[in-house]
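Open the model in your viewer and keep the selection tool at hand. This tour goes from one stop to the next.

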Amino acid sequence: MIPRTEHTPDLVSIKGLSVDIDTPEGTAHILRNVSMDVPRGQTLGIVGESGSGKSMTLRTMLGLLPADARVRGGMWFDGEDLTAMAPEPRRKLLGRRVGVVFQNPMTSLNPVVTIGRQMGEAVRFHLGYSKAQARELSIQLLEQVGIANAANRLRDYPHQFSGGMRQRVMIAMALTCSPDLIIADEATTALDVTIQKGILDLLQEIQRERNMAMIIVSHDLSVVAGRTDDVVVMYGGRVVDRRPTARLFAPPMHPYTRALSMAIPRLDMPAHTRLPALGGRPPSVYDPLLTEEEADARDMDRWSSVSETIVDDSASAPDVVAAGAGPTAGEQVIVGTLAAEQEAGVAEGGDAEVAHDTLYAPMAREDEEAGR
Ligand SMILES: Nc1ncnc2c1ncn2[C@@H]1O[C@H](COP(=O)(O)OP(=O)(O)O)[C@@H](O)[C@H]1O
Ligand SMILES: [Mg+2]
């Protein structure tokens, strides 16, 4: 990883991004003033409940929105102003320099075409390679993502690979053009917990080896906590918490981040422990536009209403922990911070009183430091 200095300008920079889409039900305010940055060679985690706007943020950057979507705000990739680029050059730029791995490889892979042909087509399309060169590169990439007997496996169809192996194939395809940025959007969500850990470890290893930037998107805080430099927490289409990962659990924690962190099973919990979960429903895209202060005031009740609900009664705690951060720094931080908070009495319902400026102090400070 490259240490962050003023001389490493951000690879990705998103500033004040808003997206509205008109629907028969009214205007959907899908993104509400979203800002985030990814410095070169670093890893950003985007976390938040389903529907909070994580994927739409990335789709907006990648130019994959419906034609009638209204976009305001700024987006830069390696200093290029994406909002000023025509769709075609923009797709070309991002197609070569950004690799994306989605949750469900079966929807991205063609079921009736062999892996070799699908990989070969991608390589030849983007790099203009000959058939033989494309085959050679495909084998190398499959080997790099840990697929044994790669040359023979090129003849196989997607269904002949297990879920985890298919996701490895998708990673190999995402690496085709040696991208500067790899995006894993819920890339491991559908996988069984130990396989999930293997894929996340692989992504992290490749990211370090190739010195790429990475964005890991998950609804699961434990997936991003141990593997990222910075974390952005999204809620109702806006960014509610944004910090270096090392400070994500440092007091004063954001009440929503704290609620998310309490839903993570911990190593010291007995199997089938009831986990706290957020009650009620997150805001709707059709809710009116509010100021940050108004939205915080509206959301604070739900954020602090962590209630006793069974989140997952089937998996024992150690299994689930192994899926995400595992016994890594992130997990230790979560366990450590919650214990420390409990000792300090912070967890005893004190969060409702946390003032707006304490909540947002870390973000404001960062903005100041960065001269924004
Ligand atoms: N074309 C659309 N019209 C209306 N709402 C949409 C449209 N596309 C996405 N949304 C809504 O935008 C919100 C954010 O979606 P998304 O970014 O996919 O969430 P997630 O955080 O789970 O990735 C969701 O509530 C989704 O229903
Ligand atoms: Mg999503």
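Two strands pair if DSSP finds at least two bridges between them. Helices (H or I, at least four residues) and strands (E, at least two) are DSSP runs, numbered from the N terminus. This is a predicted model, in which local features need pLDDT of at least 70 and side-chain atom pairs count only at pLDDT 80 or more, while totals for chains, interfaces and linings use all residues. Residues are numbered from 1 along each chain as its sequence is written, and chains are lettered from A and ligands numbered from 1 in the order in which they are written.

**Whole chain**

Start with everything shown. The secondary structure comes to 14 helices and 12 strands. Of the 372 residues, 38% count as buried. A residue is buried if 20 or more other C-beta atoms lie within 10 Å of its own, exposed if 12 or fewer, and partly exposed in between; C-beta atoms are placed from the backbone. Next, contacts: two residues are in contact if their C-beta atoms, placed from the backbone, lie within 7 Å. Among contacts between residues at least 6 apart in sequence, 73% join residues at least 24 apart.

**The open sheet**

Now select the sheet of 6 strands. It is open, with mixed pairing, and its order is S6-S7-S8-S3-S9-S10. S6 and S10 (238-244) stand at the edges with a single partner strand each, so one side of each lacks a neighbour in the sheet. On average, neighbouring strands of this sheet are turned by 15 degrees against each other, direction ignored.

Zoom in on S7, residues 181-185. Is S7 enclosed or open to the outside? Strand S7 is largely enclosed by the rest of the structure, because 4 of its 5 residues are buried. On one flank, 4 bridges join S7 to S6 (residues 98-101), and the two run parallel. Pick Gly99: it stands opposite Ile182 in S7. S7 also pairs with S8 (residues 213-218), again in the parallel sense, over 5 bridges. Here Ile182 stands opposite Met214 in S8.

Move to S9, residues 230-235. S9 and S10 run antiparallel and are joined by 6 bridges. Asp230 stands opposite Pro244 in S10.

H7 lies across S6 and S7 and runs at about 170 degrees to S6. Axes are lines fitted to C-alpha atoms, for helices over the stretch in contact, and angles run from 0 to 180 degrees between N-to-C directions.

**Two crossing helices**

Select H4 (residues 115-127) and H5 (residues 131-144). Their axes come within 9 Å and cross at roughly 115 degrees. H4 and H5 are therefore roughly perpendicular to each other (65 to 115 degrees; under 35 is roughly parallel, over 145 roughly antiparallel, the rest oblique). Show the side chains of the contact: Gly116, Met119, Gly120, Val123 and Arg124 from H4, with Lys131, Ala134, Arg135, Leu137 and Ser138 from H5.

**Helix H10**

Jump to H10, residues 255-262. How many of its 8 residues are buried? The count is 7, and H10 is mostly covered. Those buried are Pro255, Tyr256, Thr257, Arg258, Ala259, Leu260 and Ser261.

**Last stop: Leu62**

Select Leu62, in helix H1 (residues 54-62). Leu62 is partly exposed, with 18 other C-beta atoms within 10 Å. Not counting residues up to four places away in sequence, Leu62 touches Leu94 and Val98. Leu62 and Leu82 are 20 residues apart in sequence and 8.9 Å apart in space, C-alpha to C-alpha.
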